[in-house]
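Let's walk through this structure together, with its aromatic side chains as our guide. Have the model open beside you as you read.

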Amino acid sequence: MMRKTNFPILRQTMVALSALALLAACDNEPDGPRYNAGTTLLFYLGGDNNLGNEISDKVEAIRGGWHPATGDRLLIYGDVNGSSPFFIEITADGGSKTIRELSQEDSADNRVFARVLNDVRSLYPSKPYGLV
């Protein structure tokens with residue numbers, strides 16, 4: 001003798017479980033790129049050329065768009081033709097502080113680039129890093 005299956009109860013159970021799974025997937029997180037808190041981001045701006053006059057505008061645009069999460073750091077190395085390079089940190093309040101005083105150097109030199117990257121890693125230990 002065959003047992004009769006109660007399909008309406010099974011169907012209701014499946015609908016309830018599906019709805020629960022869909023609700024669990026919803027969150028209030030904003031769409032867009034996400035990164036780990038505590039990220040150190042370096043902008044390497046080599047302007048030791050005919051684009052050097054754009055460096056200060058770029059720094060101000062970066063500063064204006066910087067809205068850090070807790071523990072995030074924004075560092076900028078900039079080299080403007082005819083001036084000493086600068087190496088600064090943009091603070092959470094939009095200010096800046098000098099990381100290191102630098103003398104005239106060629107930002108296109110791979111040794112300068114490697115030194116800056118090593119400075120970032122030693123002065124600002126972080127799990128994730130970003131380079132622009």
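**Aromatic pairs and their strands**

Searching the whole of this predicted model turns up three aromatic pairs (rings of Phe, Tyr and Trp, the last by its six-membered ring, with centres within 6.5 Å; planes under 30 degrees apart are stacked, over 60 edge-to-face, the rest tilted). One of them joins Tyr44 and Tyr77, which are stacked at 4.7 Å centre to centre with 10 degrees between the planes. Tyr44 sits in strand S1 (residues 40-47) and Tyr77 in strand S2 (residues 73-80), so this pair ties together parts that are 33 residues apart in sequence. Strands (E, at least two residues) and helices (H or I, at least four) are DSSP runs numbered from the N terminus.

Now stay with Tyr77, which also pairs edge-to-face with Phe87, at 6.3 Å centre to centre and 70 degrees between the planes. Because Phe87 belongs to strand S3 (residues 86-90) and Tyr77 to strand S2, the contact links parts 10 residues apart in sequence.

How buried are these rings? Tyr77 has a relative accessible area of 0% and Phe87 one of 2%, and both are buried (under 20%; exposed is over 50%, partly exposed in between, with a 1.4 Å probe and protein chains only). Tyr44 is buried as well.

A word on confidence: pLDDT, the predictor's confidence in each residue from 0 to 100, averages 80 for the protein, and 70% of the residues score at least 70. Helix H1 (residues 7-25) is lowest, at a mean of 64, while helix H3 (residues 110-123) is highest, at 93. Where pLDDT is low, the predicted coordinates should not be read in detail.

Residues are numbered from 1 along each chain as its sequence is written, and side-chain values use heavy atoms, leaving out hydrogens and water. In this predicted model, local features need pLDDT of at least 70 and side-chain atom pairs count only at 80 or more, whereas totals for chains, interfaces and linings use all residues.
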